Amino acid sequence: MTNTEVREVVRKKYGEAARRATAGDRSGCCGSSEASCGADPITSDLYDALQTREVPEKAVLASLGCGNPSALAELKGGETVLDLGSGGGIDVLLSARRVGPAGKAYGLDMTDDMLALARENQAKAGLNNVEFLKGEIENIPLPRNSVDVIISNCVINLSADKDGVLQEAFRVLKPGGRFAVSDVVVRGEVPAEVRRSMELWVGCIAGALEETEYRRKLAAAGFVEIDIEPTRIYKTADAREFLSAQGIDAEAIATTVDGRFMSAFIRARKP
Ligand SMILES: C[S@@+](CC[C@H](N)C(=O)[O-])C[C@H]1O[C@@H](n2cnc3c(N)ncnc32)[C@H](O)[C@@H]1O
């Protein structure tokens with residue numbers, strides 16, 4: 001698939017998810033099989049009760065992340081935050097509360113139905129220090145050196161141009177600015193066919209980066225103080241139904257795959 005084709009597949013998938021959440025259904029089915037709906041090991045229980053009480057119900061219903069970046073990003077009053085691929089807006093609204101009225105939280109998304117839902121959630125939350133922008137994370141519609149913290153929740157793995165995303169993140173961050181994102185990461189070598197099936201289960205349309213490769217790309221974009229911390233580690237057993245629908249025996253591949261697919265919190269700093 002070309003970069004444009006990947007983007008169109010992603011836009012269609014998340015447009016549908018936004019419409020489900022708008023209708024009041026949980027859209028948390030990160031994997032591409034319906035079997036991964038319900039007790040989804042990737043998207044479920046990411047936020048504590050205090051956080052979910054701070055945002056409208058539809059923002060929680062639309063949550064499709066794999067981490068809790070605003071909780072881990074150590075946000076301070078007055079900071080400007082940008083969420084890459086903001087979806088229904090949950091992490092933007094939580095960030096806006098953390099940075100307070102002197103700060104600002106931007107959400108960036110390319111999918112119209114997600115933006116409409118996010119703006120509805122912003123209005124319900126009554127937050128004025130929030131702005132949702134339409135655009136692509138590979139071409140961020142903000143000036144250079146304008147953001148203190150970049151967050152993102154399970155979006156960079158969807159991009160076919162990860163170098164472009166990281167270069168753009170670096171450009172818009174102020175000197176000293178922080179990159180603080182949740183993403184799916186692969187640890188070490190995994191046979192290509194099995195890797196693709198696990199990635200599809202996790203919902204990585206373009207493919208997750210291998211941990212060392214992620215570090216290398218961040219460093220190439222100019223980032224320093226790079227750290228990748230696992231937050232959830234997945235097992236083939238979690239994906240058993242999905243794998244067996246693809247003709248793969250989860251038990252047979254468990255020893256080569258278990259512990260290699262994870263949600264991680266990725267930190268880096270612009271010097
Ligand atoms: C997995 S959902 C995550 C949404 C949100 N971060 C959350 O935690 O609920 C991915 C979101 O990223 C958006 N997205 C994916 N690729 C994008 C791109 N290249 N540029 C802008 N938005 C993108 C999709 O439209 C969708 O809303």
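Thr-212 and Ala-220 are exposed, and they lie on the face of helix 9 turned away from its buried side. The model behind this description is predicted.

Now turn to the buried side. In helix 9, the buried residues are Glu-211, Tyr-214, Lys-217, Leu-218 and Ala-221. They sit on the same side of the helix, because they cover an arc of only 125° around the axis. What lies over them? The cover of the buried residues of helix 9 includes one helix, helix 7, together with strand 5 (173–186) and strand 6 (209–210). Strand 7 (224–234) and strand 8 (261–269) are also among the elements covering them.

Take helix 7 next. Helix 7 spans residues 162–172, and helix 9 spans residues 211–221. Their axes are 9 Å apart, and the two helices pack at an angle of about 45°. Helix 7 is therefore oblique to helix 9. The crossing of helix 7 past helix 9 is right-handed. Which residues make the contact between helix 7 and helix 9? Helix 7 supplies Lys-162, Asp-163, Leu-166, Gln-167 and Phe-170. Helix 9 supplies Lys-217, Leu-218 and Ala-221. By class, the residues of this contact are 4 nonpolar, 1 polar and 3 charged. Lys-217, Leu-218 and Ala-221 were also listed among the buried residues of helix 9.

Is Val-181 buried or exposed? Its relative accessibility is 0%, so Val-181 counts as buried. Asp-83 is 98 residues from Val-181 along the chain, yet the C-alpha atoms of the two are separated by 8.8 Å.

Helix 1 covers residues 3–22, and helix 6 covers residues 112–125. Their axes come within 8 Å and cross at roughly 35°. This crossing is left-handed, whereas helix 7 passes helix 9 in a right-handed one. On the helix 1 side, the contact involves Tyr-14, Gly-15, Ala-17, Ala-18, Arg-19, Ala-21 and Thr-22. Helix 6 meets them with Asp-113, Met-114, Leu-117 and Glu-120. The residues of this contact divide into 6 nonpolar, 2 polar and 3 charged.

Note on methods:
Residues numbered from 1 in each chain as written. Predicted model: local features only at pLDDT ≥ 70, side-chain atom pairs only at ≥ 80, totals over all residues. Heavy atoms only, no water. Axes fitted to C-alpha atoms, helices over the stretch in contact; angles between N-to-C directions. Helix = DSSP H or I, 4+ residues; strand = E, 2+ residues; numbered from the N terminus. Parallel < 35°, antiparallel > 145°, perpendicular 65-115°, else oblique. Left-handed = near helix turned anticlockwise from the far one by under 90°. Contact = heavy atoms within 4.5 Å. Nonpolar A, V, L, I, M, F, W, Y, C, P; charged D, E, K, R; others polar. Buried < 20%, exposed > 50% of the residue type's maximum accessible area, 1.4 Å probe, protein only. Arc of directions from axis to C-beta.
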